[in-house]
Amino acid sequence: MMMAAILFALALLGFQQLVMFLKGSQYLSWLLAIIVQSLVVYIFALAHQLRIGIWLTFISGLMLVIIFFVVRLKQRQLHQIKLHLFDVWFMIFGILISLTLLKSPLIHYDNFTHWATMVKYLTFVGELPDAQQNLVTFTDYPPATAMFLTYLSTIVGYHEGSLLVGQFVIIGAGLYALFGVLRDQRRALITAGLVFMLTLINIFNIAIRFNNLLVDCLIAILAIAGISAVYIHQNQRGWQIVSTSLIVNFLLLTKSSAMYFAILILIYFAIANLAKIKNKAPKWREVIKTTAVIILTTAGSFIGWLLWRVHVANVFTKVSKHALNLQAYQSQVDHESANTQRLIVQKFMSYMTNTDTLFFRGILLVNIALLLTWLVIRVGLHKRSYSLLMLAITDLVTAIYMIGVLGMYVVSMPYAEAINLAGIDRYLSTIVIFSILLSGVIILNDIDRASFQPIVAQRNSASFANLQTKQVYQESTFFLLIFSSVLMLSEINGINFLNQKMNDALPIKMQQMVPNQNTFNHKRILLVDAKAQDVNNAYANYVGRYYLFSDHVDGREAFDVSSKQFQSIIQGYQYVVVPRYHQTFSKLTSKTYHEHVRTGIYKVTNNGIKPLSTAKYLAEMNQ
């Protein structure tokens with residue numbers, strides 16, 4: 001596995017070097033390399049050639065890294081790799097978190113409803129889900145992250161820890177792009193400030209953390225990376241078009257709800273290009289050219305998403321949960337009473353104004369930080385500051401996003417989930433993280449412009465007003481890095497604590513019982529779970545289907561039945577899996593079949609049930 005991981009990293013490096021060779025930004029190069037590989041695999045998957053696409057992409061990456069290694073060797077450029085302070089910090093904590101994630105299990109409910117299940121299906125079935133299977137039920141969800149993780153697991157080997165590391169690599173690549181927005185990456189204090197702001201997202205991402213495959217945090221980071229691409233390549237129109245289109249394509253293929261952020265990126269792209277129109281004759285030619293660029297970039301940004309819509313429409317006739325369907329939305333609105341909608345709105349507004357929520361505190365923090373920055377720099381120092389403008393933009397963007405989330409609860413979510421504001425912390429963490437990162441780079445650039453020597457090209461080690469300010473600069477840099485490191489270590493400890501706390505969780509028990517069930521099957525399996533809640537909310541069903549890799553797994557906790565009824569239930573299945581001791585079930589099997597059952601895998605026969613070893617069970621599944 002280690003050698004495969006190294007080869008995978010080299011293939012990724014090959015594509016990253018290709019971006020650099022074509023004069024792309026080094027800060028965007030890692031994310032663009034990931035996106036290019038993922039989109040190539042995605043196109044092959046749509047053409048029913050997923051595995052061919054994976055291996056062609058992998059081999060191409062290895063060939064590229066060999067080519068660029070030879071070129072650099074001939075040009076004697078191998079020693080010219082430049083590292084900044086934040087590069088070293090990124091590598092150290094990237095490795096530490098990756099090692100932590102590598103040994104972390106998947107626990108969160110939604111890993112099994114879709115995200116991990118989709119990757120496992122793609123990896124071992126080798127094609128996109130079709131209408132004949134019932135394992136992947138959220139068939140409308142686009143597969144961008146699943147494509148990259150499938151590519152990873154095919155090369156490295158399927159392991160849940162590897163999937164978590166793969167997702168973290170995408171997140172890290174997106175965050176790294178932000179350093180390209182800074183005016184001067186050599187300024188240790190400014191880069192340390194950005195590092196600190198990046199670590200703040202751990203606090204506001206606490207609802208899901210990095211130890212799962214959900215994309216709420218990733219969407220915000222990709223959105224910021226898209227805006228960064230427009231800014232970084234403002235003097236390279238070709239790369240601005242390409243990088244923006246690639247990132248928006250990937251963003252839209254991550255989750256359809258990312259449409260809002262895709263529109264924000266494209267609006268910024270349009271404004272940035274229109275602002276560059278020169279006031280000289282003939283101006284109309286420049287207007288036509290710029291308009292054409294905006295239209296073509298926008299159209300190109302939706303290609304991947306439109307291909308997915310066509311694929312879903314052609315393959316699936318039944319509308320899946322959370323699918324984009326205007327008729328379903330209209331039907332729900334028509335059937336919900338005004339009182340029901342009012343209750344949902346009241347519950348939502350109550351949450352919005354609750355000062356104890358991370359959402360409220362996060363948005364308040366953003367507003368205070370932007371306002372203070374503007375007051376100090378514009379009012380106090382009489383220098384230019386964009387912080388007040390960004391405060392207005394951030395609040396407007398947040399308000400529109402909140403209206404969209406409220407609309408989702410009223411229009412598309414079942415009442416039982418909507419009235420409880422299911423997933424509200426996750427949904428709102430996306431806009432909080434987006435706002436923190438966006439306002440963070442604006443604040444840091446404002447501070448940089450207000451420094452003693454605002455002209456970057458004229459800066460050197462002596463560019464300070466006096467020795468006292470230089471000492472403050474150095475000490476502030478040190479403390480920011482210390483605080484950032486403490487926050488990251490806290491995140492690592494938090495993940496480790498959760499890993500230890502979840503030893504009795506159903507996924508852990510299933511992983512121990514059937515660690516290598518990778519053959520998709522349609523066996524009828526009864527999963528006996530002693531925890532009623534896991535059964536009632538369908539968690540047992542989804543976990544069972546993922547680990548047993550069957551689309552006919554039923555979780556059951558209630559066995560207050562007669563022996564005859566019990567026999568009837570058991571005979572409806574081919575296998576029975578008992579990951580945790582269930583006292584009632586054990587007594588019934590003893591009474592009905594004279595079989596002593598605690599935990600394990602059992603095969604249903606005409607006369608009862610008989611125990612199976614894991615090896616025997618897997619052998620039967622692979623037949």
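User: If buried means under 20% relative accessible area, exposed over 50%, and partly exposed in between (1.4 Å probe, protein chains only), is His-382 buried or exposed?

Analyst: His-382 is exposed, because its relative accessible area is 62%. Please keep in mind that this is a predicted model, in which local features need pLDDT of at least 70 and side-chain atom pairs count only at pLDDT 80 or more, while totals for chains, interfaces and linings use all residues. Residues are numbered from 1 along each chain as its sequence is written, and side-chain values use heavy atoms, with hydrogens and water left out.

User: Where is the place of His-382?

Analyst: His-382 sits in the loop between helix 16 and helix 17, where helices (H or I, at least four residues) and strands (E, at least two) are DSSP runs numbered from the N terminus. The phi of His-382 is near 60°, a positive value in a residue other than glycine. Most residues other than glycine have a negative phi.

User: And Phe-549, what about its phi?

Analyst: Phe-549 is not a glycine either, and its phi is positive at about 55°. Phe-549 belongs to the loop between helix 23 (539–548) and strand 2 (553–556), and it counts as buried because its relative accessibility is 1%.

User: Changing topic, which residues form the nonpolar patch on the surface?

Analyst: The patch is formed by Leu-364, Ile-368, Leu-371, Leu-372, Leu-375, Val-379 and Leu-388, which together have about 560 Å² of accessible area. Patches are made of residues with over 30% relative accessible area and no salt bridge, with like charges joined within 9 Å and nonpolar side chains (Val, Leu, Ile, Met, Phe, Trp, Tyr) within 5 Å. The areas come from the Shrake-Rupley method with a 1.4 Å probe, and for residues only the protein chains shown count as cover.

User: Which helix gives the most to that patch?

Analyst: Helix 16 (residues 358–380) gives the most, with six residues. Leu-388, by contrast, is placed in helix 17 (residues 387–411), and Leu-388 counts as partly exposed because its relative accessibility is 34%.

User: OK, salt bridges next: how many are in the whole structure?

Analyst: A search of the whole structure finds 13 of them, a salt bridge being a side-chain nitrogen of Lys or Arg within 4 Å of a carboxyl oxygen of Asp or Glu. One of them joins the side chains of Asp-216 and Arg-426, with N to O at 3.2 Å. Asp-110 is linked with Asp-216 and Arg-426 in a network of salt bridges.

User: Are Asp-216 and Arg-426 buried or exposed?

Analyst: Both Asp-216 and Arg-426 are buried; Asp-216 counts as such because its relative accessible area is 3%. Apart from neighbours within four places in sequence, Asp-216 is in contact (heavy atoms within 4.5 Å) with Ile-208, Arg-426, Tyr-427, Ser-429 and Thr-430.

User: What does Ala-220 touch?

Analyst: Ala-220, which is also found in helix 9, touches Thr-430, Ile-433 and Phe-434 when residues up to four places away in sequence are not counted. Ala-220 counts as buried, since its relative accessibility is 0%. The C-alpha atoms of Ala-220 and Phe-261 are separated by 7.9 Å, although the two residues are 41 apart along the chain.

User: Back to salt bridges, what does Asp-504 pair with?

Analyst: Asp-504 forms a salt bridge with Lys-531, and their closest N and O atoms are 3.9 Å apart. This pair, too, links distant parts of the chain: Asp-504 is in the loop between helix 20 and helix 21 (506–513), and Lys-531 is in the loop between strand 1 (525–528) and helix 22 (532–536), 27 residues apart. Asp-504 is partly exposed because its relative accessibility is 39%, and Lys-531 is partly exposed at 40%.

User: Last one: how many bridges join strand 4 to strand 5?

Analyst: Five bridges join strand 4 (residues 600–605) to strand 5 (residues 608–612), and the two run antiparallel; strands pair if DSSP finds at least two bridges between them. Strand 4 and strand 5 form a hairpin with two residues between them, and Lys-603 stands opposite Lys-610 in strand 5.
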